[in-house]
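Subject: Structure handover and findings

Dear colleague,

Please find the structure below, followed by an account of what was found in it.

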Amino acid sequence: MGSGVEQKMENGEELASLLDVLPRVEFCCVYGSSLLTNSHDKKTMVDYILGVSDPMQWHSENLEMNKDHYASWMVHLGGSKLITEVADEIGVGVHFNPFVSWNDRMIKYGVVRMHDLVQDILNWERFYFSGRLQKPVHILVDNLDIRNVNSVNLKAAMSAALLLLPPKFTEVELYARICSLSYMGDLRMLFAEDRNKVQKIVKGQFNLFHSMYKPFLDDYAAKDLLRFSSWSDNHGIIIQTGTCIYHIIAYYRSPLRIMIRMVLLPYHSLLKDYGLSAAGSFVSSLPQTVRTRMGMKLGEKRKLAESGRTINEVVINSREEAAECMRKVVRRIVMVSSARQAIAGLLAAGGVNAVRYLARKMVKDWSSFSQDTSVTCSVIASFFFIGM
């Protein structure tokens, strides 16, 4: 992730000061709605991901410093050992402490083992942290250069999105598709999330998305897998004001008459190569976990790589088939991970905080989708039956 990825926030030092009251971490980032450029509400919960080398040892130290951050039943019944076991065995390797009051703000922080964080970024084994880091984040600590490691994740996310998109699309649609990858199959989206969440994220952070993914846009354009139609297919001048891009065309009618047309463009219009070769390039950039599962469904063929070693390559008979297969694979990974983490999260939060957290999420859902309460209520009942 380049320097443009990180949200420049006036309260960056304030956010980093949380680390002064916690044990040492190897990685820390802030994510979520608090990063939106128009978000100044002190009531907005600030979300942290903390990467540590040894979660059990870290929680043991944190219990001495901040025992009130944890659910009382976990503290009394098992302490750091139980906290870590619930995160690893039931959840996806992360323990969240929500509704922590700090510095006049409400925060939630998740603690994950650095090895698990890196593996998920590179391989999408659980598509949990990798999905978080495909969106803009504000990095506060990065002792192991996760920015550089995450470049593999960003390229894979763009490749997955391109595989799913139609031949012509806009830059906004590209980032919306990337953003939606980690929500495919997420049980929370059925009843406990704002249904306009993806659009709000992209709209509020378009420039940050552009900074993150511009190197990969340029790389694919150089390989003729993409082209920018608004620049190459039209004559005239392109100007940009904020996030608005205008195409200005001047028509020469006579020495005294020049007509000018100004058209608001939907950011950049993009065209992609729709052939099998391009689809193969996109699939080859996906993580090994996804490619292996696709190969089990579509078949594999052995190929000699440039390095001289033999590798397995997914058989692609059509772009549509490859896209649908990838969609099902990612959806399955996200569905399993979201279900496991939902149960672990409810246990880790404790009774009162669990109800409080679900209530906040459900308010978002109801406000964005209040027309079909019967469907929502039936899904809520099913979730509580399965998850508690």
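A residue is called buried when its relative accessible area is under 20%, exposed when it is over 50%, and partly exposed in between (1.4 Å probe, protein chains only). Helices (H or I, at least four residues) and strands (E, at least two) are DSSP runs, numbered from the N terminus. This is a predicted model, in which local features need pLDDT of at least 70 and side-chain atom pairs count only at pLDDT 80 or more, while totals for chains, interfaces and linings use all residues. Residues are numbered from 1 along each chain as its sequence is written, and side-chain values use heavy atoms, with hydrogens and water left out.

In strand β2 (residues 46-52), seven of the seven residues are buried. Cover is found on both faces: V46, Y48, L50 and V52 are buried on one side, and D47, I49 and G51 on the other. In a regular strand the side chains alternate between the two faces of the sheet.

Two strands are said to pair if DSSP finds at least two bridges between them. By that rule, β2 pairs with strand β1 (residues 27-31) in the antiparallel sense over five bridges, and V30 stands opposite Y48. Strand β4 (residues 105-113) runs parallel to β2 and is joined to it by seven bridges; there Y48 has Y109 opposite.

**The nonpolar cores**

A nonpolar core is a set of buried Ala, Val, Leu, Ile, Met, Phe, Trp, Tyr and Cys residues joined through side-chain atoms within 4.5 Å. The largest such core has 51 residues, of which M158, L174, Y175, Y213, M294 and M326 touch the most other members. Two or more residues each come from α7 (146-164), α8, α10 (197-204), α11, α13, α14 and α15 (319-349). Helix α7 gives the largest share, nine residues. A second, separate core of 28 residues includes Y48, V75, V86 and V100. In soluble globular proteins, nonpolar side chains tend to be buried together.

Contact here means heavy atoms within 4.5 Å. Leaving aside neighbours within four places in sequence, M294 is in contact with V283, L286, G299, V314, A322, C325, M326 and V329.

**Aromatic pairs and charges over rings**

Rings of Phe, Tyr and Trp (its six-membered ring) pair if their centres lie within 6.5 Å; planes under 30 degrees apart count as stacked, over 60 as edge-to-face and the rest as tilted. The count by this rule is eight aromatic pairs. One of them, Y175 with F206, is tilted, at 5.7 Å centre to centre and 55 degrees between the planes. Because Y175 lies in helix α8 (residues 171-180) and F206 in helix α11 (residues 206-222), this pair ties together parts that are 31 residues apart in sequence. Y175 is buried at a relative accessible area of 0%, and F206 is buried at 4%.

Y175 also forms a stacked pair with F209, at 5.6 Å centre to centre and 20 degrees between the planes. F209 lies in helix α11 and Y175 in helix α8, so this pair ties together parts that are 34 residues apart in sequence. Y175, F206, F209, Y213 and F216 form one aromatic cluster.

A charge sits over a ring if NZ of Lys or CZ of Arg is within 6 Å of the ring centre and within 35 degrees of the ring normal. R132 lies over the face of Y128 at 4.7 Å from the ring centre, and K135 over the face of Y183 at 5.0 Å.

**The three-stranded sheet**

An open sheet of three strands has the order β6-β11-β7, with antiparallel pairing. Since β6 (168-170) and β7 (226-228) stand at the edges with a single partner strand each, one side of each is left without a neighbour in the sheet. Strand β6 is joined to β11 (residues 269-272) by three bridges, and the bridge partner of F169 in β11 is L270.

**Two loop residues**

S285 is placed in the loop between α13 (276-284) and α14 (288-298) and counts as buried at 19% relative accessibility. D68, in the loop between α2 (55-66) and α3 (72-77), counts as exposed at 67%. D68 and N97 are 29 residues apart in sequence and 9.8 Å apart in space, C-alpha to C-alpha.

Yours sincerely
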